[in-house]
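Please keep the sequence and the coordinates in view while reading.

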Amino acid sequence: MQTRLYGWAAFPALLLVWSVAAWNLPPYVLPQPWAVAAEAVRWLDSGQLAAHVGASLLREAGGFAVAVLGALALGLAGALSQGFRAFSAPLTGLFMAIPPIAWAPLSMIFFGLGYVAITMVIVVAALFPMAVTVQEGFLAIRNGNLRAARVLGARRWQLIRYVYLPASLPFLTAALRIGFSQAWRALVAAEMLGASQGIGWMVAMGGQIGNATQVLLGVAIIGMTAWITESLVFRRIERRYRHWHLA
Amino acid sequence: MDCEILTSPSDSRIGALSGDRSGGAAFQVDGVDFSYDGTHPVFRSLALTARPGEFVALLGPSGCGKTTLLNLLSGFLPPSSGRITIDGETVTPEMPALGYVFQSPQLFPWLDVLDNVRFGLRMTGRLRDAEQRDKAMAALALVGLEAAAGKFPHQLSGGMQQRVALARVLVLEPRLLLMDEPFAALDAITRATLNEELLRLCGRLGQTVLFITHDVEEAVFLADRVVLLDIAPAGIHSELAIDLPRPRRLRETRRLERFTTLTDTLLERISAIVAAA
């Protein structure tokens, strides 16, 4: 018996439900999918869509990059030093318990409205979950592999480069994926609070002026950007190590 | 199960692998005490020496501290007192003269077989890429696995993996090989084949070998001398010289009356150790 896979039907089903619901509601509350598509074309033609998406991606890239570097450093330090691990665990737990958007007002007082303020919120959002995953990855490395590398002449830095890094690649990819999505969520939220452009701003502004079409367009773009990054970038990296990780 | 036929590499390949054939290192354990917690000694005034090129099998009942002993011998653990030296130098895990084969192959799963064997050469970084490749291939030829160079560890059988692990160590031309029950996890046929293989390699490369095992017949078949370990806290119970002729072949050697006498002697002594405990 072959299992039938209905993955292909998911998005059409969603659109259908949306459309049926929109049929029974006034268009200023829930517009039809094609109305949103027409709105997308208008925004595209005016060049506004590219400007907003570009602004958001720029912030995401900056904040995510800083968070990756920070998470690698924290995760590595935690894996190598038991003392540091014990010291950082409560702090990481605390910071992970605070929703990143709660930092946004403070960040804006500190850095003023603009690129840095929003980027800092992203860094805080992505850094800690990534650091924890990176550390777990390094700790999961088999002690035997480390010993083998040592008797084969690897020194401390070589252990990091030639054993810790490749052996923890599955965890690193997972960390990147988690970090990117956390950063993306925080970005949209922060933009809704204090930005003059970006996808988050687009959604917030749509809400304020009562334009449900603009809101739905923004939401769709937010979802699709995250989904495309996930399946195009991170799933591909995962496929590269799959052959030995599953063995 | 391993069914592959072992190839006999030509002498020129081995020449390429061991440039200078200075042979084995002298190994000395001198009055070593060790304890994990400072109160319960695991070893007390342990003394053990190996002549250059000698094959010493360390045999002991389980629980006698074989793993601890190997950690000491390889420098992973420092002795509480006493000294462990290779050619007069205090031993450390990174010492280039030392080769260590673990009970499980411990191959790096993200590297193919050739890169696993090359690993040690890359760490020292003294050779160019092409030279590293040549040496690694020569080492693979020594264990009859040239054809597997492009495969990944999980594609190999347990016996083949352990051979790769051996090649990975041999490529560095160690003068002392520490082997921690390297074939214990393998099936009987593979194990017997690898025992013969190991003797052939040692005969040609001439390193000193310390081979830990709990298998009496394996110890007698391989070694020049069998050292019996007492149950902890203790040192060495006794030694037995193995005066079987070389080269040894599995079927012929095991049929010798002397082989039976030697294994019987050892089995009796082990029973005595266990009974006294």
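In this predicted model, the end C-alpha atoms of residues 215-234 of chain A lie 28 Å apart, and the span is 100% helix and 0% strand, where helices (H or I, at least four residues) and strands (E, at least two) are DSSP runs numbered from the N terminus. Local features need pLDDT of at least 70 and side-chain atom pairs count only at pLDDT 80 or more, while totals for chains, interfaces and linings use all residues of the predicted model. Residues are numbered from 1 along each chain as its sequence is written, and chains are lettered from A and ligands numbered from 1 in the order in which they are written.

**Chain A**

The unreviewed UniProt entry places the feature "transmembrane region" at residues 61-80, 92-111, 117-141, 162-180 and 215-234 of chain A; such positions are given in the numbering used here, feature names are shortened, and annotations may be inferred rather than shown by experiment. Two of these spans are set side by side below.

| Span of chain A | Distance between end C-alpha atoms | Helix and strand content |
|---|---|---|
| Residues 92-111 | 23 Å | 70% helix, 0% strand |
| Residues 215-234 | 28 Å | 100% helix, 0% strand |

The secondary structure of chain A comes to eleven helices and zero strands, and its C-alpha atoms fill a box of roughly 70 × 60 × 30 Å along the principal axes. Of the 247 residues in chain A, 36% are buried, a residue being buried if 20 or more other C-beta atoms, placed from the backbone, lie within 10 Å of its own. Among the contacts in chain A with a separation of 6 or more, 70% join residues 24 or more positions apart; two residues are in contact if their C-beta atoms, placed from the backbone, lie within 7 Å.

**Chain B**

Chain B is divided into domain 1 (23-97 + 189-277) and domain 2 (107-173), with bounds that come from an automatic or database domain assignment. The centres of the two domains of chain B, taken over C-alpha atoms, are separated by 26 Å, and four residues of domain 1 are in contact with four residues of domain 2.

An open sheet of chain B is formed by four strands in the order β2-β1-β4-β5, with antiparallel pairing, where two strands pair if DSSP finds at least two bridges between them. Its edge strands are β2 (41-50) and β5 (89-90) of chain B, each of which pairs on one side only. Strand β1 (residues 27-35) of chain B pairs with β2(B) over six bridges, and B:Val29 stands opposite B:Leu48, while B:Gln28 stands opposite B:Thr49. Five residues lie between the strands in the hairpin of β1(B) and β2(B), where B:Gly38 takes a positive phi near 90°. Five bridges join β1(B) to β4(B), and B:Asp33 has B:Ser81 as its bridge partner in β4(B).

**Contact between the chains**

The contact takes 19 residues from chain B and 15 residues from chain A. On the side of chain B, the elements that give two or more residues are β6 (98-101) and α3 (113-124), and α3(B) gives the largest share, four residues. The residues on this side of chain B divide into eleven nonpolar, six polar and two charged, where Ala, Val, Leu, Ile, Met, Phe, Trp, Tyr, Cys and Pro count as nonpolar, Asp, Glu, Lys and Arg as charged, and the others, Gly among them, as polar.

Methods: Buried ≥ 20, exposed ≤ 12 C-beta atoms within 10 Å, placed from the backbone.
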